[in-house]
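Work through these exercises with the model open beside you. Try each task before you read its solution.

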Amino acid sequence: MATAVTAPRVLENAWVRFAARRLGRLVVSVWVVITAAFLMIHLVPGDPVRAVLGPTATAEVVAAKRAALGLDDPMWSQYLHYLQGVLTGDFGTGLASSLPVSQVISQRLPTTAMLAVLAFLVAVAIAIPVGVFMGVLTRGGRARRAELSFTATSVVLAAVPEFLLAVGLVYVFGVSLGWLPVAGRSGASSYVLPVLALAIGPAAVLSRIVRVQLQSVLQADYVRTARAKRLRAVTVYLKHALPNTLTATLTLGGLLLSVLVAGTVLVENVFAWPGLGTTMISSILARDYPVVQAIVLVYGVGVLLVNLAVDIALALLDPRSTIRES
Amino acid sequence: MSRWRSVLRTPVGACAALLLVGVLALAVLAPILWSAQADRVDTDAIRQGMSAEHWAGTDDLGRDLFFRVLVATRLSVELALLATLIAVVVGLTLGALPALVGSRLGRYVVAFVNITVAFPGLLLALFLAVIFGVGARGAVLAIGLAGAPAFARLTQTLVAGVIERDYVAAARAAGIGRFRVLLRHVLPNIAEPLIVNATISAGGALLAFAGLSFLGLGVQAPQYDWGRLLGDGLAGIYVTPAAALAPGIAVVIAGLAFNLFGEALAKAVGLTTPLGRALPRLPRRTDSSAPSDAVLEVRELTVTLPSGARAVRGVSLQIAPGEAVGVVGESGSGKSLTALAIAQLVEEPLQVRAERLHFQGADLQAQAHRKLLGTSLAMVFQDPMTAFNPTQRIASQLAEGAREHGGLSRQAARARVIDRLRAVRIHDPERRARQYPHEFSGGMRQRAMIGMGLMGTPALIIADEPTTALDVTVQQQILQLLAEIRAADHVALLLISHDVTVVSAVCDRVLVMYAGRVVEDLPAAELARGARHPYTRALVAAVPTMESDRQLPLTVIPGRMPDPDDVSAGCSFAPRCALADAHCAAEQPELIASADGRRIACWHPAPASLALQES
């Protein structure tokens, strides 16, 4: 009886409803990703076991490996087995290395995550000051020339894909100047180029978004109100305009974050970075499908978690809670 | 069609178009012209750097990389266009499907698109590349299908926007099948944004393809595209950097060509508003006349628009302590700009100038009087729904001015906020202070706005249409509140309104503005029956009263006010004035003060006595 009374009251709370709805969506999406990863091994052309063992392997060896991997079981039994494995952190064994896949993941995931998080922080740390500065400088159609050159620069930087930026950075800072290491992970200096390669594109896009949003916020009535209070210009920009700029920026910028996660695959391969991305590509080329399967899963869930984090941040930042209610 | 062609007239559009034509021409011609050079093996010139003979060096087999990059244009562009075609066709189909099939199946399609579109294209492409197998064919399918969800989402949005329109409804009512409606009526109307996006995503596909080939998942030897050349070249970047840089540069240029051309198309198809150029800042005159006891003294105030036209043309006014002055006029008469200019809230590119602009004896044009204005001048704006910052609590928005100018502590400011909210009759101010603006009703917000002005000790409240956005019963409460504050603290009021009734009820004196000038200045009590300017009389006559005959149409002033850009040399009201003659059209009447303190700018003012009689 007590639960029957409290349950509706709990659901009245907008936060609880938001969390419940968002969690429901996450569970469905994660299930889709897991299923897609499971299906992958059955959709690849040819026999994956034959592919990895090579044409010289005898039929008996191939059959034994298939049986060991459970590939001859009925589909539904394989699916249930796979689900069970994923939920308990067991991703099976690699075909090429015969190491547990979970061990590969736990070794490689932190270095990739570190790269992505650092790149995101650098992108934000560049984009917000630059965007705000340009927004203030060009407010109300001022400084047209500065606006044009800023737009041109950011459009070009944003259009260059991260792996080409990486190649350019390798050439300039690694080959020509010789300042920074260009491959592998060895100390703090080895982070500089991969992080920059990942961060520059998103920073260019984000700073454009910040500038445009700031411009429209500066037109808002409440900014006029703030000016009518005769606050210092800095206070008007940072306290009244910036927070409202950020909610709008985050909505669009959240997309960039998940793109950045995917971008690590390419950038890692340019810098021979010992992360998930390099492992993924080498495993694809070696047809080590259990490893590929697991990494695809990790990337997919990673993107979903990033999207969730962005939604939660938006709900926290915006007290009107349009996200929570819609 | 002319809109499409206008792309070429912008510098960016012309550059992008030129680049794109160049890339496409190269794609067609390069393999025909230079295949032989690109494939010629020269074992004497292996892995050479840049030279006059080999502009971008040579590869492992001594093949010329410059020609290989040129020849690779065709395969790179071809594969990218093929992938884009797949993305567009599959995306269009997925996006239009919900409109074709029933709502149940449609929902599943939408849900599928929603889930897939949340993943970055590159991740989808990698996943699909594994399924379709390593190689050019697999990569085309992978990149094409990975681009489809974004296109499907776009199509869904566009279709949903068009399908509700009348002509689509009419076609469906006429019994035309869904598929036919889609083909004949919907698709042509969403073609523009689809083409623009397809152009941009062709650039994206080109870059993605370079990525996959670079990783070794795309084009396989002996075929080569830019990504393949880049991947092969990267290993030797220390020895022959050109081997990696040349294909990289080619990818960037081609990608930019598609991207920029798409963006330029988008701009040309959509609307762009050219911003007016800013005027050079003009030196401000300072004037050290004897101080007066007026709270506000304004002489010859002008506000200049970026076009050079003047929206406010020489307004002069004075407000005595505790006096309430109203400013009335139609929209566009410059009354709100006058108020904002006085409050020093007009920003560039608009220019404010005045012979004299004194507030409480301080020259507002000479120095920054931030503290004085922050504590002694209160503003109330028209729309209370937008005048508060939506992301901050009421208390902090009210408190910050007092904390900045009054140096109040957090607690002291908070106590003052609650006290002021109570003063503007907000119930339960302790709770309300903690709330956000969206939790307040419109009337409450306007009261909170007045409360914000009362945080200091205002000598003047400038209220710009404070009741226009509120409903009638709330209007009365706000006006009542303003009247009480004035009476209690001897605060002067400058009330801007288009509503003659409101102004005559609240104010002591009324200024009537027309086309940026004050045309009459008279006691509020005289407004209804003693107005002498034909425009004032027309304004008053346009107000319906309880005695108005409801069978007759409402009285209006014929004609419309001139824009600031085309004011004539004569009286601006002349074209709409029944009394106007040649003199009125030729020469502008000055605002002349009479002995009783009234002012009027008219060549044919109604005599005071006649004005009374007529009414």
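**Exercise 1.** Is Phe214(B) buried or exposed?

*Solution.* Take the relative accessible area of Phe214(B), which is 11%. Compare it with the cut-offs: buried is under 20%, exposed over 50%, partly exposed in between, with a 1.4 Å probe and protein chains only. Phe214(B) is therefore buried. This is a predicted model, in which local features need pLDDT of at least 70, side-chain atom pairs count only at pLDDT 80 or more, and totals for chains, interfaces and linings use all residues. Side-chain values use heavy atoms, without hydrogens and water, residues are numbered from 1 along each chain as its sequence is written, and chains are lettered from A and ligands numbered from 1 in the order in which they are written.

**Exercise 2.** Count the aromatic pairs over all chains, then describe the pair of Phe38(A) and Tyr82(A).

*Solution.* Start with the rule. Rings of Phe, Tyr and Trp (its six-membered ring) pair if their centres lie within 6.5 Å; planes under 30 degrees apart are stacked, over 60 edge-to-face, and the rest tilted. The count over all chains is 10 aromatic pairs. For Phe38(A) and Tyr82(A), the ring centres are 5.6 Å apart and the planes stand at 40°, so this pair is tilted.

Helices (H or I, at least four residues) and strands (E, at least two) are DSSP runs, numbered from the N terminus. Phe38(A) is in helix H2 (residues 14–43) of chain A and Tyr82(A) in helix H5 (residues 75–87) of chain A, so the pair ties together parts 44 residues apart in sequence. Both Phe38(A) and Tyr82(A) are buried.

Now turn to Phe163(A) and Phe214(B). Their aromatic pair is stacked, with 5.5 Å centre to centre and 25° between the planes. Phe163(A) belongs to helix H8 (residues 162–176) of chain A and Phe214(B) to helix H8 (residues 178–215) of chain B, so this pair joins two chains. Phe163(A) counts as buried, at 1% relative accessibility.

Last, look for a cluster. Ring pairs link Phe38(A), Tyr79(A) and Tyr82(A).

**Exercise 3.** Which ring does the charged end of Arg68(B) sit over?

*Solution.* Apply the test: NZ of Lys or CZ of Arg must be within 6 Å of the ring centre and within 35 degrees of the ring normal. The charged end of Arg68(B) sits over the ring of Tyr224(B), 3.9 Å from its centre. In a second case, Arg432(B) has its charged end over the ring of Phe440(B), 5.4 Å from the centre.

**Exercise 4.** How many residues of helix H9 (residues 226–234) of chain B are buried?

*Solution.* Seven of the nine are buried, and the helix is mostly covered. Among them are Trp226(B), Arg228(B) and Leu234(B).

**Exercise 5.** Which residues of chain B does UniProt list for "transmembrane region"?

*Solution.* Read the record first. The unreviewed UniProt entry lists residues 79–101, 108–132, 138–155, 194–217 and 237–261 of chain B. Such positions are given in the numbering used here, feature names are shortened, and annotations may be inferred rather than shown by experiment.

Then check the model. Residues 138–155 of chain B are 100% helix and 0% strand, with end C-alpha atoms 25 Å apart. Residues 194–217 of chain B are 92% helix and 0% strand, and their end C-alpha atoms are 29 Å apart.
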